[in-house]
Amino acid sequence: QFTPSSFLRIGQLSNVDLNEDIRELETELPRQHPNEIPHNEKLLSLKYESLDYDNSENQLFLEEERRINHTAFRTVEIKRWVICAMIGILTGLVACFIDIVVENLAGLKYRVVKGNIDKFTEKGGLSFSLLLWATLNASVVMVGSVIVAFIEPVAAGSGIPQIKCYLNGVKIPHVVRLKTLVIKVCGVILSVVGGLAVGKEGPMIHSGAVIAAGISQGRSTSLKRDFKIFEYFRRDTEKRDFVSAGAAAGVSAAFGAPVGGVLFSLEEGASFWNQFLTWRIFFASMISTFTLNSVLSVYHGNAWDLSSPGLINFGRFDNEKMGYTIQEIPIFIFMGVVGGILGALFNALNYWLTMFRIRYIHRPCLQVVEAMLVAAVTATVGFVMIYCSRDCQPIQGSTVAYPLQLFCADGEYNSMATAFFNTPEKSVVNLFHDPPGSYNPMTLGMFTLMYFFLACWTYGLTVSAGVFIPSLLIGAAWGRLFGISLSYLTKGSIWADPGKYALMGAAAQLGGIVRMTLSLTVIMMEATGNVTYGFPIMLVLMTAKIVGDYFVEGLYDMHIQLQSVPFLHWEAPVTSHSLTAREVMSTPVTCLRRIERVGTVVDILSDTSSNHNGFPVVESNPDTTQVAGLRGLILRSQLIVLLKHKVFVERANLNLVQRRLKLKDFRDAYPRFPPIQSIHVSQDERECMIDLSEFMNPSPYTVPQEASLPRVFKLFRALGLRHLVVVDNHNEVVGMVTRKDLARYRLGKEGLEELSLAQT
């Protein structure tokens with residue numbers, strides 16, 4: 001044991017004193033699954049670490065940077081462009097793969113079911129068709145859900161909240177692994193083919209991010225292959241910039257919207273931004289759209305006609321038919337209000353559902369059963385709606401892929417079937433472009449109601465699936481309904497073309513659910529290929545966001561909060577000026593001396609009660625008892641590499657060290673540094689000394705303890721820090737501010753609230 005003078009006590013963060021019963025529950029968890037997991041959204045989880053976005057400028061780093069001359073920096077810059085081009089190409093190819101496979105498999109499924117329905121309509125016994133459809137759906141979804149639940153749970157959902165957290169600087173385990181990409185792509189194909197109310201657009205963003213993280217490292221840790229290229233980029237700073245490029249490339253492959261992709265990365269993602277980055281990201285997005293476009297054009301047989309820029313193509317909106325007049329602006333704003341209210345309702349329902357899932361449906365087998373149930377119910381609802389619908393339309397001149405006749409006269413088809421009996425992307429395009437009179441208002445009303453609840457139930461299942469397309473589909477349906485009722489009210493005036501209202505409704509619904517403004521406006525403009533709608537779409541989205549935010553926050557932010565991630569928003573809470581760094585920081589701090597005993601270092605690192613990742617280094621005066629001045633900061637990962645290579649002072653004196661440690665040794669260990677338990681230190685080595693001076697960062701960012709919370713927050717957020725040392729007037733360490741200390745404070749309904757921290 002050490003005396004307190006040589007070793008500052010490690011204090012747990014001041015407010016982890018959860019009730020003992022939760023403690024006990026946690027210790028029992030591995031042995032048997034409890035029926036209910038207590039979950040409180042007012043918690044912050046301690047299992048998430050931060051990324052080291054800030055470079056550690058130790059002597060090794062500075063020496064390497066000084067060795068690199070001007071031409072070498074130019075090659076690094078060229079490498080960055082090459083990586084961005086590769087990200088674009090690969091993301092485009094993955095999008096092509098998803099699109100082609102989904103088209104073929106879904107086409108096969110719908111042809112089989114259609115043949116079956118046509119056969120049984122004549123001789124009776126349609127229940128067999130229903131059984132066939134539901135079984136096909138449930139079995140496909142079962143496979144898609146099993147691979148997600150049992151192999152890689154991070155691949156569930158759209159992946160946008162996870163990427164948002166990663167770009168914010170939170171390390172979410174497994175989020176940018178190769179395995180996640182494979183499961184994500186297979187899972188999204190299976191869930192779309194399985195007929196769930198999902199889209200394949202959201203997961204493209206996650207896939208792009210994984211591709212970017214993989215390429216920029218020049219090796220695969222999963223496959224144990226190192227290609228010895230791009231070694232300069234093996235650190236969080238560079239990786240995070242490339243991941244934002246990958247996310248943008250994913251958006252632009254999904255919607256054919258390169259500018260929208262860049263703005264998405266800027267608005268939803270990156271906490272750190274500069275001009276060069278914008279240009280490189282735009283380059284990656286453009287390349288990705290172009291790749292997708294050329295491959296799909298070749299696949300569809302018209303090689304020189306680049307006509308499919310994105311996975312979803314809303315089709316062209318012509319200005320002649322589809323202009324808008326000044327008196328329609330209030331109508332659009334009203335649609336925005338409706339979209340905001342419906343979006344808030346969607347989010348609130350999904351919130352309760354997710355809370356229920358976290359508490360009760362936390363075992364993988366239950367999650368798979370739930371996914372199969374949803375798939376079967378979706379098929380059944382669709383079948384019953386088509387069966388009960390008497391809305392028949394002439395088949396002449398219509399562009400329906402799989403027209404179901406059912407009980408309609410010959411030469412007619414059931415128009416409810418165009419909505420349900422199709423992939424969601426095709427249904428959206430049909431709602432936008434079918435001529436007026438293709439749908440009965442009753443059909444649209446019933447469809448909106450049913451699909452709203454189905455989509456809400458589906459988001460958050462253990463399958464990989466996006467929420468973009470279902471939201472657009474719900475919005476397009478009620479928007480078209482709105483347009484039809486307007487023409488009834490105005491006795492069929494020409495300006496109420498339902499397609500235009502379908503577009504506005506789709507924008508309003510999506511804006512009400514995900515609350516994106518700038519990027520969504522541009523994405524909608526690029527996807528429709530029409531700039532005239534920029535203004536009304538912007539108005540609709542702004543209204544939807546304002547109205548929705550009044551009730552509940554956006555879907556992605558809500559899911560981030562439900563997972564208790566320490567997410568830092570753009571600004572500190574507005575009422576937090578009264579707090580100072582002294583109240584926010586965690587104390588006491590575990591400090592290391594500049595020349596420290598190896599035993600002490602090993603004990604500090606192996607202490608399970610504190611998993612600190614950064615340790616201030618202080619001057620080592622053996623005689624005095626008071627805390628000495630701050631000299632630098634060293635990270636846990638650096639200490640582990642030092643112990644692994646046994647860089648001890650004694651060995652240096654005995655000339656046992658073959659070479660000095662290089663920066664390359666730290667980069668080769670990145671990103672999966674070995675745990676301290678795997679490093680063996682003998683009893684004699686524990687008595688050696690270790691000199692931290694050339695490995696520590698000698699100029700860490702510090703703040704005085706009187707600094708106000710907004711000031712600390714701004715510094716922390718803008719520089720993407722992981723540790724901020726709080727010092728007193730004598731430059732002695734008094735505390736440490738990390739991400740959790742800042743994310744704890746949040747604006748609630750009654751003002752500033754402080755969240756408690758939990759180990760879950």
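Me: Before we dig in, what does buried mean here?
Reply: This is a predicted model, and burial is judged on relative accessible area with a 1.4 Å probe, counting protein chains only. Over 50% is exposed, and in between is partly exposed. For buried, the relative accessible area has to be under 20%.

Me: OK, so is Phe233 buried or exposed?
Reply: The relative accessibility of Phe233 is 0%. Buried means under 20%, so Phe233 counts as buried.

Me: How are the rings of Tyr232 and Phe233 arranged?
Reply: A search of the whole structure turns up 22 aromatic pairs. In the pair made by Tyr232 and Phe233, the ring centres are 5.9 Å apart and the planes sit at 80°. Planes over 60 degrees apart count as edge-to-face, so that pair is edge-to-face.

Me: What about the pair of Phe233 and Phe242?
Reply: Phe233 and Phe242 are both buried. Their ring centres lie 5.4 Å apart, with the planes at 80°. Since over 60 degrees is the cut-off, this pair is edge-to-face.

Me: Which residue has its charged end over the ring of Tyr232?
Reply: Tyr232 pairs with Phe233, and its ring also has a charged end sitting over it, 4.7 Å from the centre. That charged end belongs to Arg235.

Me: How far is Arg240 from the ring centre of Tyr53?
Reply: Arg240 lies over the face of the Tyr53 ring. The distance to the ring centre is 3.9 Å.

Me: Which residues form one aromatic cluster?
Reply: The cluster takes in Trp133 along with some Phe and Tyr residues. Written out, its members are Tyr110, Trp133, Phe383, Tyr387 and Phe421.

Me: Where does Pro588 lie, and what is the omega of the bond from Thr587?
Reply: Pro588 lies in the loop between helix 22 (581-584) and strand 8 (592-593). Most peptide bonds are trans. The one from Thr587 to Pro588 is cis, with omega near -15°.

Me: What is the phi of Ser564, and is the residue buried or exposed?
Reply: Most residues other than glycine have a negative phi. Ser564, in the loop between helix 21 (555-562) and helix 22, has a positive phi of about 55° although it is not a glycine. With 6% relative accessibility, Ser564 counts as buried.

Me: And Asn731: where is it, and what is its relative accessible area?
Reply: Asn731 is in the loop between strand 14 (723-727) and strand 15 (733-738). Its phi is positive, about 60°, although it is not a glycine. Asn731 is partly exposed, with a relative accessible area of 32%.

Me: Zooming out, what share of the residues in the protein is buried?
Reply: The protein has 29 helices and 18 strands. It exposes about 32200 Å², of which carbon and sulfur atoms supply 62%. Of its 760 residues, the buried share is 57%.

Notes: Residues numbered from 1 in each chain as written. Predicted model: local features only at pLDDT ≥ 70, side-chain atom pairs only at ≥ 80, totals over all residues. Heavy atoms only, no water. Phe/Tyr/Trp six-rings, centres within 6.5 Å; stacked < 30°, edge-to-face > 60°. Lys NZ or Arg CZ within 6 Å of the ring centre and 35° of its normal. Helix = DSSP H or I, 4+ residues; strand = E, 2+ residues; numbered from the N terminus. Areas by Shrake-Rupley, 256 points an atom, 1.4 Å probe, with all protein chains shown as cover.
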